[in-house]
Amino acid sequence: MNLASAHVWPQPLHPVHSLAVSALVAALPLIVVLVLMGVLRRSGLLASGCGLVTAAILAVGVWGMPAKLAAWSVAFGFVYAAWNILWIVFNALWLYHLAIETGSFELLRRWMKQNASGDACIQVMLVAFCFGALLEGTAGFGAPVAVTAFLLVGLGFTAEKAVVVALIADTAPVAFGALGIPIVALSGVTGLELSKLSSMVGRQLPLMSFILPAYMALVAGGVKGLRRSWPAALVAGLSFSSVQFLVSNFWGPYATDIASSLVAIAALTWFLRAWKPELTETRAADVDQSGLGHVNAVQESIPTGSSFRAWWPWVALTLIMIFWSYLKLFNKGQIAFAVPSLHNGVLITLYNKLYAAIFTFQPLATGTAALVATLVAALSFRV
């Protein structure tokens, strides 16, 4: 069946008469962004703007896309990003800064230091992996690596080692980062069902999540470090991956990282009260050779009330996200808009189907849930 008509633009699969060359040309916007940011060290705003201009020129000049359709595509992308993505980022970062301004985040840092013991391998599991996943699930966009690396330096790690383990730790939770933005964006771009995307990612990723704490222990302390801390790695990996699988498959992408990280933190903390890594006389030397520096093992006693204050913003966000998802509030009051000209105006040649350019405005979207959590935390702290 040929769906093309005078009012429909069919996508050419190889506009330069070679599939390989066409693919290379199509990659130019990405190459422009990577070169500007990675090589020339330009800002993300400049790099993304240049990438957008490059894509628009190629779409109109090489692929032959009508300028009107290209303009509506850009407008659709801006609106989608502003509400479905930036609204989440704004409120998640607001919650993060609220925790900093009220002293809750500093209490959380002290809680981490108190419960991570003096073992470098345990510290990277609790701080970089578990707490980093919590930051990834709320703020995302670089915050987990920056914050956890800072915390690790405060615990005695060298700056280079802290950044390395923080980056490694972020590989598992990043797929569901910032309240599920990667899955939400992928659903918007491909038109695939959000719940199915969440389920498929949630069936593949837990294997990496399970082995990641052990790999981090190996990076932080070498073979000796892994040998003495593998029980803790097993607890952290198993608890995190199990919840990640369950939440992503039965609740959706929004609270996956948050729930997984909170359960992993609770499980690891509880386990460390009954089990401690074996102390040896050579541990300090092992730590120095691994590039960590002398890891601070000083314990800071934190009262129960302060511990609750440290965790409350993140617990509140988790509870509200679960409540939001369970009652399916995301879809309440939503309004669908067909994008002029663009809706059913493009034939996706590969699948022989028309592109459905429909923007669904959800007043109770994920970002709104994060806003409610922020307001609850602010009222609880009386600010």
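Author: Welcome! A residue is called buried when its relative accessible area is under 20%, exposed when it is over 50%, and partly exposed in between, using a 1.4 Å probe and protein chains only. This is a predicted model, in which local features need pLDDT of at least 70 and side-chain atom pairs count only at pLDDT 80 or more, while totals for chains, interfaces and linings use all residues. Residues are numbered from 1 along each chain as its sequence is written, and side-chain values use heavy atoms, leaving out hydrogens and water.

Reader: Is Arg-41 buried or exposed?
Author: Arg-41 is found in the loop between α2 (28–39) and α3 (44–61). Its phi is positive, about 60 degrees, although Arg-41 is not a glycine. Most residues other than glycine have a negative phi. With a relative accessible area of 67%, over the 50% limit, Arg-41 counts as exposed.

Reader: What is the relative accessible area of Asn-352?
Author: Asn-352 has a positive phi of about 55 degrees and is not a glycine. Its place is in the loop between β3 (346–348) and β4 (353–354). Asn-352 is partly exposed, and its relative accessible area is 31%.

Reader: How many helices and strands does the protein have?
Author: Helices (H or I, at least four residues) and strands (E, at least two) are DSSP runs, numbered from the N terminus. Counted that way, the protein has five strands and 14 helices.

Reader: What is the radius of gyration of the protein?
Author: The radius is taken over C-alpha atoms, and the globule rule is 2.2 Å times the number of residues to the power 0.38. The C-alpha atoms fill a box of roughly 80 × 45 × 35 Å along the principal axes. For 383 residues, a compact globule would come near 21 Å, which agrees with the radius of gyration here, 24 Å.

Reader: How much of the accessible surface belongs to carbon and sulfur atoms?
Author: Accessible areas come from the Shrake-Rupley method with a 1.4 Å probe, and for residues only the protein chains shown count as cover. Buried residues make up 47% of the 383 residues. The accessible surface of the protein comes to about 18600 Å², and the share of carbon and sulfur atoms is 71%.

Reader: How far apart do the centres of the positive and negative side chains lie?
Author: Lys and Arg count as positive and Asp and Glu as negative, while His and the chain ends are not counted. Each charge is placed at NZ of Lys, CZ of Arg, CG of Asp or CD of Glu. The protein has 20 positive and 13 negative side chains, and the centres of the two sets are separated by 10 Å.

Reader: What share of contacts between residues at least 6 apart in sequence join residues at least 24 apart?
Author: Contact means heavy atoms within 4.5 Å. Leaving aside neighbours within four places in sequence, Phe-131 is in contact with residues including Phe-105, Val-147, Ile-265 and Trp-311. For the whole protein, the share is 77%.

Reader: Which residues is Val-33 in contact with, leaving aside its neighbours within four places in sequence?
Author: Val-33 has its place in helix α2, which also holds Ile-31. The C-alpha atoms of Ile-31 and Gly-51 are separated by 8.2 Å. The contacts of Val-33 are Ala-47, Ser-48 and Gly-51.

Reader: How far apart are Phe-245 and Leu-319 in space?
Author: Phe-245 lies in helix α10 (residues 194–250) and is partly exposed at 35%. Leaving aside its neighbours within four places in sequence, Phe-245 is in contact with Gly-202, Arg-203 and Pro-206. Phe-245 and Leu-319 are 74 residues apart in sequence, and their C-alpha distance is 18 Å.
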